[in-house]
Every structure is written in C-alpha cells, then in structure tokens.
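I opened this entry to work through one chain, going from its overall dimensions down to single residues. My notes follow in the order in which I looked things up.

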Amino acid sequence: MPVYNEAKIIQRKIDILQKIDYPSNKLEVVFVDGGSQDGTVEKIESSSKTVAYFQKIIKQGSRKGFNSAVVEGFLQNNR
C-alpha cells in the first residue's frame, strides 16, 4: 500500500484493513512510504501490533510515485 504524508488518514485505512474478513494467513499488507514527513510511518509502526497480517514497511526515502511504490513493494516482499 503506497503512502505519502497520510498521517491524518492512515488510522482510518488501518481500521478498514482490520475489518477485512479474510484468513490472515493468506493476506499480507506491505506499506511503501515515499518519504513522508508528517508522522505517517510512526503511526503505521505503532498500529502494526494490532493488525495480524501487517508484514512490513518499506521506506523509499523520497517520493517516487504510486507505480514505483507498488513495484518496490512487490520486489522487496519477494526477496
């Protein structure tokens, strides 16, 4: 899930993810941050303990765009 400066709304997204009715062993969520500076990463990290299928957060360091984040998420998660 690509994210960038979403501190104001990230908790709503995490809450929605928690409501997904799907076996947690068949679903994993990887957040790819494009260099957020507003506390988005910290909010994701603090919520990671409550989401069973949360896998990891990838930090790109700078904003590279949606497509780049999706590709990097797949590449990093399959290594």
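**Overall dimensions**

I began with the radius of gyration: for a chain of 79 residues a compact globule would have a value near 12 Å, and since the chain has 12 Å, the two agree. I keep in mind throughout that this is a predicted model. I then looked up the box filled by the C-alpha atoms, which along the principal axes is roughly 35 × 30 × 15 Å.

**Elements and contacts**

I listed the secondary structure next and found three helices and three strands, which follow one another from the N terminus in the order β-α-β-α-β-α. Taking contacts between residues at least 6 apart in sequence, I noted that 72% of them join residues at least 24 apart.

**Surface and charges**

I looked up the accessible surface of the chain, which comes to about 5,300 Å², with 50% of this area belonging to carbon and sulfur atoms. Of the 79 residues, 33% count as buried. For the charges, I noted 12 positive and 9 negative ones, whose mean positions are 1 Å apart.

**The nonpolar core**

Which residues make up the largest nonpolar core? I found 12 of them, namely Val3, Ile10, Ile14, Leu17, Val29, Phe31, Val41, Ile44, Val51, Tyr53, Phe54 and Ile57. At least two residues of this core come from each of α1 (10–18), β2 (29–33), α2 (40–47) and β3 (54–59), and α1 gives the most, with three residues.

**Two single residues**

Apart from neighbours within four places in sequence, Ser47 is in contact with Gln11 and Ile14.

Lastly I checked Asn5, in the loop between β1 (2–3) and α1. Asn5 has a positive phi of about 45°, although it is not a glycine. I recorded this because most residues other than glycine have a negative phi. With 33% relative accessibility, Asn5 counts as partly exposed.

Key:
Residues are numbered from 1 along each chain as its sequence is written. This is a predicted model: local features need pLDDT of at least 70, side-chain atom pairs count only at pLDDT 80 or more; totals for chains, interfaces and linings use all residues. Side-chain values use heavy atoms; hydrogens and water are left out. Helices (H or I, at least four residues) and strands (E, at least two) are DSSP runs, numbered from the N terminus. The radius of gyration is taken over C-alpha atoms; the globule rule is 2.2 Å times the number of residues to the power 0.38. Buried means under 20% relative accessible area, exposed over 50%, partly exposed in between (1.4 Å probe, protein chains only). Contact means heavy atoms within 4.5 Å. Accessible areas come from the Shrake-Rupley method with a 1.4 Å probe; for residues, only the protein chains shown count as cover. Lys and Arg count as positive and Asp and Glu as negative; His and the chain ends are not counted. The place of a charge is taken as NZ of Lys, CZ of Arg, CG of Asp or CD of Glu. A nonpolar core is a set of buried Ala, Val, Leu, Ile, Met, Phe, Trp, Tyr and Cys residues joined through side-chain atoms within 4.5 Å.
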